[in-house]
Amino acid sequence: MTSIGYKSLALKILLVIISILYISFLYIDFFNVRTFISSDVIKFIAIILCFFITLLTGEDSLNPRDLFLLKAGFFITILADLCLIIIDDFILGVSLFCMVQIFYSIRYKVDEFHPILVRFMIVFLVVMVIYLIVNFFVIKIDVLFAVALFYSICLIDSVVRGIKACKNNLYPYPNKYMIAYGMILFLLCDINVGLFNINRFINVSGDFGKLLHNTSFLLIWIFYIPSQVLLSLSGYDFNKKRNLKI
């Protein structure tokens, strides 16, 4: 078997394992099953395996720059999910996800780097100034609110850039669709993260509040893992003659 054959086999095995983990934690969460391993650990393992997919890309990437930004985004994603899922440090976790979205925004805009960083720095400073003014002169609010607001801006920017990259054919087929659909699923995931944590800002009680909490919790991961799989595969050049067949 050639090196390409081994790589194709390794990718298929990773995708099968991720699919099994995906079905497993959804089953555990939906039916509230008690197991020897928590669904949070299974979710985190699935994210790590998505990172391994990017590590396998190697010379089959679209280009070194694209692969570097993708790997950087996934490495920071692992750190962010470690904070959110395992450690329960929401401020650090969301802050790291801001970096992830900035990396993706840079990835989807080939001819820009410094201008994007400067814009995000300006937006961050504006958000923090507004937060400080509100916090000192209007009402005391958690700094997580400011971090989440900045993250929302970063997320929307990267989603829009990802869709534009697909529309403008900046990436070949099927990568452009993997990026567009992956980012849309990422957005749907984070919308549900917001709904799941809405009680931090607005009191939603009763049966509706319980239904919203439980439904959004499931939808977060229904959308998140497919988004990460699509994005992890989006760095491969599927049009090379020597390329893999997944």
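**View 1. Y22 and F25 sit together on helix α1.** Both Y22 and F25 belong to helix α1 (residues 3-31), where they are three residues apart, about one turn of the helix. Keep in mind, as you look around, that this is a predicted model. The ring centres of Y22 and F25 are 5.7 Å apart and the ring planes stand at 90 degrees; that is over 60, so we call the pair edge-to-face. F25 is buried, because its relative accessible area of 0% is under the 20% cut-off.

**View 2. F51 and F75 bring two helices into one picture.** Here the ring centres are 6.2 Å apart and the planes of F51 and F75 meet at 50 degrees, so this pair counts as tilted. The pair joins distant parts of the chain: F51 is in helix α2 (residues 39-55), F75 is in helix α3 (residues 64-87), and the two are 24 residues apart. F51 is buried, with a relative accessible area of 12%, whereas F75 is partly exposed at 46% relative accessibility.

View 3. Helix α5 covers residues 114-137, which makes 24 residues. Now look for the buried residues of α5: they are I116, F120, V127, Y131 and N135. Among the parts that cover these buried residues are α4 (90-107) and α6 (143-167).

**View 4. The largest pocket and what lines it.** The largest pocket has a volume of about 930 Å³. Its lining is made of 34 residues, and V94, D190, V193, G194 and N197 are the ones that lie nearest the centre of the pocket. Which helix gives the largest share of the lining? That is α7, with nine residues. Helices α2, α3, α4, α6, α7 (175-196) and α8 (206-233) each supply at least two residues of this lining. Sort the lining of the largest pocket by class and you get 25 nonpolar, three polar and six charged residues.

Key:
Residues numbered from 1 in each chain as written. Predicted model: local features only at pLDDT ≥ 70, side-chain atom pairs only at ≥ 80, totals over all residues. Heavy atoms only, no water. Helix = DSSP H or I, 4+ residues; strand = E, 2+ residues; numbered from the N terminus. Expected span 1.5 Å × (residues − 1). Buried < 20%, exposed > 50% of the residue type's maximum accessible area, 1.4 Å probe, protein only. Contact = heavy atoms within 4.5 Å. Phe/Tyr/Trp six-rings, centres within 6.5 Å; stacked < 30°, edge-to-face > 60°. 1 Å grid on protein atoms, 1.4 Å probe; cavity = no way out; pocket = protein on both sides within 12 Å on 5 of 7 lines; lining within 4 Å. Points joined across faces, edges and corners; volume = space filled by probe spheres on them. Nonpolar A, V, L, I, M, F, W, Y, C, P; charged D, E, K, R; others polar.
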